[in-house]
Amino acid sequence: MPNPVPFLDFSRLHADLKPQLEDAAAQVLASGHYILGPQTEAFEQAFAEVCGAKYCLGVGNGLEAITLILQAWGVGEGDEVICATNSFVATALGVSRAGATPVLVEADPQTYNISPAAIEAAITPKTKAIALTHLYGQPADMDAINAIARKHGLKVLEDAAQAHGALHNGRPVGSLGDAAAFSFYPTKNLGAVGDAGGITTNSEATYQTIRKLRNYGSQKKYHHDLMGTNSRLDELQAALLRAKLPHLPRWNDARRAMAAIYLSELAEAEGLVLPHVPQYATPIWHAFVVRVKGGKREDLIKHLESEHIGYNIHYPVPIHRQPCYAGLPTAAGHFPVADEQASQLLSLPCDAYHTEAEIRHVCNIIKQFYGEA
């Protein structure tokens, strides 16, 4: 029977950190503090330091992080926010939930991140912000994007949901724009045991406004300065994230080691396009994504399935083709890069707990498909 290689296996992580996670949960249960308590405060401080940011706020999830940032900036009805059409839908949904209109633009064909040239071409008098995604754990071209934002007086929101610990010219994401939204969904490089999210910023005004917005618009109990919402990182998730956070560097290093094997072993596979890493980027490989050329993705998937190799597709339906955005003005646009990516991209196993032997096995199976093994 072939050796199975799962795309992701939470049991390995939990087995590795079982004592720390159980102790963290027990501390919360015994404390009597379950919402906005000492665990959340401690995690916020620690994660802000990891991101090189002055402030961090724990919130309910990554989508709400995007929404709250835009609301804190006063972005709403009649405003436009530029975002990439090849990202996960949450980036655009956060814009919509804030009351603004997502303006979809094309991705860079090499890095898959948002194209700075496409951003500049999409700016109108209604544009208020750029909501970029550090896709698959690789930083976007922040120097170019920040230069465009300064030129046009725009805010820059980093959707860093896939990029915990990634570096741009040696600086961590989460401190490169005006504010950053993080998801701690369980599959992320730093994942909770359930839904959770965070916001980092160097702006005290943004921090203070979101601090109210996430808690019913209140800073003092029963006094509501703003029309806020309920989006708070609970103490249990904060404690579990605190227990995991010290391990994030070694997990990211392990993913980099897995990626290095793929880049070396699959370099001669003519039917694949491997990820391109710009000089400024130090990715954390939230996903190792290849492009399968020649219309052979489904055939390769069947081959992987026959060998019990896990995989994923990020993302098979671009935002401009999602039914929920059929009425969006830019959804009718021409996005050949995003459409090609959606038809070709394939994510291979690349988790911190995969072994070198497993990744080399995956490489051999792929090389067999291309007649190279």
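This briefing describes the sheet, the helices around it, selected residues and the cysteines of the structure above.

The model is predicted, so local features need pLDDT of at least 70 and side-chain atom pairs count only at pLDDT 80 or more, while totals for chains, interfaces and linings use all residues. Residues are numbered from 1 along each chain as its sequence is written, and side-chain values use heavy atoms, with hydrogens and water left out. Seven strands form an open sheet with mixed pairing, and the structure holds zero disulfides.

**The sheet**

- Helices (H or I, at least four residues) and strands (E, at least two) are DSSP runs, numbered from the N terminus.
- The strand order in the open sheet is β1-β9-β8-β5-β4-β2-β3, where two strands pair if DSSP finds at least two bridges between them.
- The edges are formed by β1 (55-59) and β3 (101-105); each has a single partner strand, so one side of each is left without a neighbour in the sheet.
- Neighbouring strands of this sheet are turned by 25 degrees against each other on average, direction ignored; the axes behind such angles are lines fitted to C-alpha atoms, for helices over the stretch in contact, and angles run from 0 to 180 degrees between N-to-C directions.
- Strands of a sheet pair through backbone hydrogen bonds, either parallel or antiparallel.

**Strand pairs and crossovers**

- β2 and β3 pair in the parallel sense over five bridges, and the bridge partner of E80 in β3 is T101.
- E80 also stands opposite T127 in β4, and β2 and β4 pair in the parallel sense over three bridges.
- Strand β4 (residues 127-133) pairs with strand β5 (residues 155-159), again in the parallel sense, over five bridges. Within β5, A129 has K155 as its bridge partner, and L132 has E158.
- β2, α5 and β3 make a right-handed β-α-β unit; a crossover is right-handed if, with the strands pointing away from the viewer, the path from the first strand over the helix to the second runs clockwise.
- A right-handed β-α-β unit is also made by β4, helix α7 (residues 142-152) and β5.
- Six of the seven residues of β4 are buried, where buried means under 20% relative accessible area, exposed over 50%, and partly exposed in between (1.4 Å probe, protein chains only).
- Four of the five residues of β3 are buried, so β3 is largely enclosed by the rest of the structure.

**Helices**

- Helix α5 (residues 90-97) lies across β2 (80-84), β3, β4 and β5, and runs at about 150 degrees to β3.
- Helix α8 (residues 204-213) lies across β1 and β9 (197-201), running at about 20 degrees to β1.
- Eight of the ten residues of α9 are buried, so this helix is largely enclosed by the rest of the structure. Its buried residues include E235, Q237, L240 and L241, and what covers them includes α1, α2 (18-31), α3 (38-51) and α10.
- Helix α10 (residues 248-265) has 18 residues and reaches 26 Å from its first C-alpha to its last, close to the 26 Å expected at 1.5 Å a residue; the expected span is 1.5 Å times one less than the number of residues.
- Among the buried residues of α10 are W251, R255, M258 and Y262. The buried residues of α10 pack against α1 (10-16), α9 (235-244), β14 (288-292), β15 (345-348) and α13 (356-369), with contact meaning heavy atoms within 4.5 Å.

**Selected residues**

- T67 is found in helix α4 (residues 62-72) and counts as buried at 5% relative accessibility. Leaving aside neighbours within four places in sequence, T67 is in contact with G94, R97 and A98.
- D178 lies in the loop between β7 (171-172) and β8 (179-183) and counts as partly exposed at 30% relative accessibility.
- Not counting residues up to four places away in sequence, D178 touches W73, L154, K155, V156, T201 and N202.
- D178 and S231 are 53 residues apart along the chain, and their C-alpha atoms are separated by 20 Å.

**Cysteines**

- A disulfide is a pair of cysteine sulfur atoms within 2.5 Å, and the structure holds zero of them.
- C51 is buried, with a relative accessible area of 2%. The closest cysteine sulfur to that of C51 is in C56, at 6.9 Å, too far for a bond.
- C324 is exposed, with a relative accessible area of 54%. The sulfur of C324 is 11 Å from the closest cysteine sulfur, in C83, which is also too far for a bond.
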